[in-house]
Amino acid sequence: LWSYERRVRSVFKGIPTLPPLPIIGNIHQVLGDGRVLFRLLKSVAEICDTNNSPCIAWLGLYPIFITHDPEDVKVITNSCVEKPFLYNFGRVWLGHGLVTAPAAVWKHNIKKLSGTFTSSVVDGYLGVFNAQAEKLVAGLKTEVGKEPFDIINKYLAYTTLEAICQTALGVSKISESIVTSEYYEAFNRCLELLTARGLNVFLYPDVIYRLTPAHREIKRCVAIIHNVSETVMKKRKLEREEKKKRNKTKNENNGEEPRFKAFLDILMELSELDPSLTEQQIKSEVDTIIVGGQETVASTILFTLLMIGCKPGIQNKMYDEMRRIFGDSKRPVRKEDLSEMKYCEAVIYETLRLYPPVPGVMRYSDRDLQLKSCKIPKGTVCGISGWGAGRSTRTWGPDAALYRPERWLSDTPPGNPAGFLAFSYGRRACIGKKYAMAILKTILAHCLRELEFVSQADNMQMKIDIALRPISGHLIQVRQRIDDKMKNHPNTVLHSGGVDIRGLLLRVPDIHGVVRVLPMCGDRRPVGRHHYLLTRLLQRDRNC
Ligand code: HEM
């Protein structure tokens, strides 16, 4: 072992490494939970940036080559499409869907699937996005004036899961909702169990994992999730057959092709032309889309709200943009609005740069690769750090750590295209980018038009549970947005910016038009019954 160890370690001589212990390498540093993984990713990114070089971590005698250098990233992501064994753990859930498929299966399927989320398909989903965003805003309004709360687990996770299920499976046409609490819990638990397995090398061999309670639990959760997709698929298949029998390929009502086309329908159409797309494969692809889109979108909204919540200047600019586009109207977001949301787009990109929901991806080199500073042999596992890339001072300049959306608004794109890895890069990059940008903009537009967010994002502690998340999820507070008309009204007392309003008397007409005098208490806002009354009045008559 000792001589073998010397031999394998010498292949990567000269490349900075996390200090390894004999034989076990850095295994002891990975053991733990998502916080440990995050700390490790952060220190590797710092090593890479300081030395302007890749870095090696050792899983025992197994090297993991980690880089975020744009030139190296280009070579690796364009040459390697195979993924390392760690992705196999997800196959119990996602089968040979795009994310977990071996290279041969992926090459066959990507040709059919790469064009599924075209602009016109995504535009057809705007109805679902708007409906979910309205539901979210209604929920958030009930939190107005309350203590900071856990926005992701209480609202965002449901909103994104429901939106993605409706668009992937087309269930909006079938029933009210498939996202029951049982489905949501099973979904979340699967993500946790998969992360836990990835972090515990002793659970890597299938023969050992099968003996653990975690394996039984993940099978139970996966059965719940698969049951939903299978039931919906059966139902849709019957519907399609009936429709064919009636020989009506067009919309039954007016003969127009429906604009909304669920991902499942697209796949079923494809499978009629190409029988190699089996029912099992369709199910895997649908499950993959749901996983690929849910956690990533929810965590992007969370980080965006956290960032703008402690930067009122940026939030106000976003609000101004929304007012320019929508005026006073609370109408649904339309496709032409999306392209006008330039500042909102810059904010989303800046969030993704600093807080990429997928902070790292992996590839398996099936050939020797010549990189900028070294050569890596065939059979190496390559880790590509999206976290490191987004924070690299070499790519983004000395203010890389600064949250500055304006950097995305200049005519020339900032950094290097391979230095922004939120959606990965090259082959096997994200196919849902257009979808993601559309749903993110729609939800943010609805939220910012009506609400104001306040957050505490200093010294955020983070973890990686498949996606990047802050450890303390209870950081957001919501306020009703007071628009300009109300701000300038002589009867409006603003309670922002730390103004002490104790003892102030506020004169407002009540629902019968009788002017009442409300004494303000608390040091920033009216509380108790008066606050309730004031909120009711504001809701009833925005001009009062
Ligand atoms: C902000 C939102 C999103 C982010 C940051 C994101 C990020 C990523 C990243 C980094 C990968 C590469 C994964 C890897 O190589 O292991 C990926 C792949 C993928 N994403 Fe996304 N994604 C987002 C939204 C979505 C959405 C909304 C969908 C679907 C509707 C989606 C579907 C997929 C699929 C199918 C793949 C696998 C592509 C392949 O291997 O060919 N993603 N995504």
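How many residues surround the ligand, and which are the closest?

## Model and ligand shell

The structure is a predicted model: local features need pLDDT of at least 70, side-chain atom pairs count only at pLDDT 80 or more, and totals for chains, interfaces and linings use all residues. Residues are numbered from 1 along each chain as its sequence is written.

The ligand is surrounded by 22 residues, and the closest are Gly292, Gly293, Thr296, Cys430 and Gly432. A residue counts as near a molecule if its C-beta atom, placed from the backbone, lies within 6 Å of it. Helix H14 (279-309) and helix H20 (433-450) are the elements that give two or more residues to this shell; helices (H or I, at least four residues) and strands (E, at least two) are DSSP runs, numbered from the N terminus. H14 provides the largest share, seven residues. By class, the shell has 14 nonpolar, seven polar and one charged residue. Ala, Val, Leu, Ile, Met, Phe, Trp, Tyr, Cys and Pro count as nonpolar, Asp, Glu, Lys and Arg as charged, and the others, Gly among them, as polar.

## Nonpolar core

The largest nonpolar core has 125 residues, and Ala168, Leu302, Met318, Ala438, Ile439 and Leu440 have the most contacts inside it. H14 gives the most to this core, with 14 residues. Such a core is a set of buried Ala, Val, Leu, Ile, Met, Phe, Trp, Tyr and Cys residues joined through C-beta atoms within 7 Å. A residue is buried if 20 or more other C-beta atoms lie within 10 Å of its own, exposed if 12 or fewer, and partly exposed in between, with C-beta atoms placed from the backbone.

Beyond its neighbours within four places in sequence, Ala168 is in contact with Ala262, Phe263, Leu264, Val286, Ile289 and Ile290. Contact requires that the C-beta atoms of two residues, placed from the backbone, lie within 7 Å.

## Helix pairs

Helix H9 (residues 151-169) packs with H14 at an angle of about 145°, and their axes are 9 Å apart. Axes are lines fitted to C-alpha atoms, for helices over the stretch in contact, and angles run from 0 to 180 degrees between N-to-C directions. The residues of this contact divide into 17 nonpolar, three polar and no charged.

The axes of helix H8 (residues 126-141) and H20 come within 9 Å and cross at roughly 35°. Here the contact involves residues including Phe129 and Glu134 of H8, and Ala438, Ile439 and His446 of H20. The contact of H8 with H20 has 10 nonpolar, three polar and two charged residues.

In helix H4 (residues 70-79), the buried residues are Pro70, Asp72, Val73, Val75, Ile76 and Thr77. They pack against strands S2 (62-67), S3 (360-364), S4 (369-370) and S6 (381-385), and against helix H19 (393-396).

Lys74 also lies in H4, but is partly exposed because 17 other C-beta atoms lie within 10 Å.

## Positive phi in loops

Ile23, in the loop between helix H1 (2-11) and helix H2 (27-30), is not a glycine but has a positive phi of about 60°. Ser424, in the loop between H19 and H20, has a positive phi near 65°.

Ile23 is partly exposed, with 13 other C-beta atoms within 10 Å. Ser424 also counts as partly exposed, with 19 C-beta neighbours inside 10 Å.
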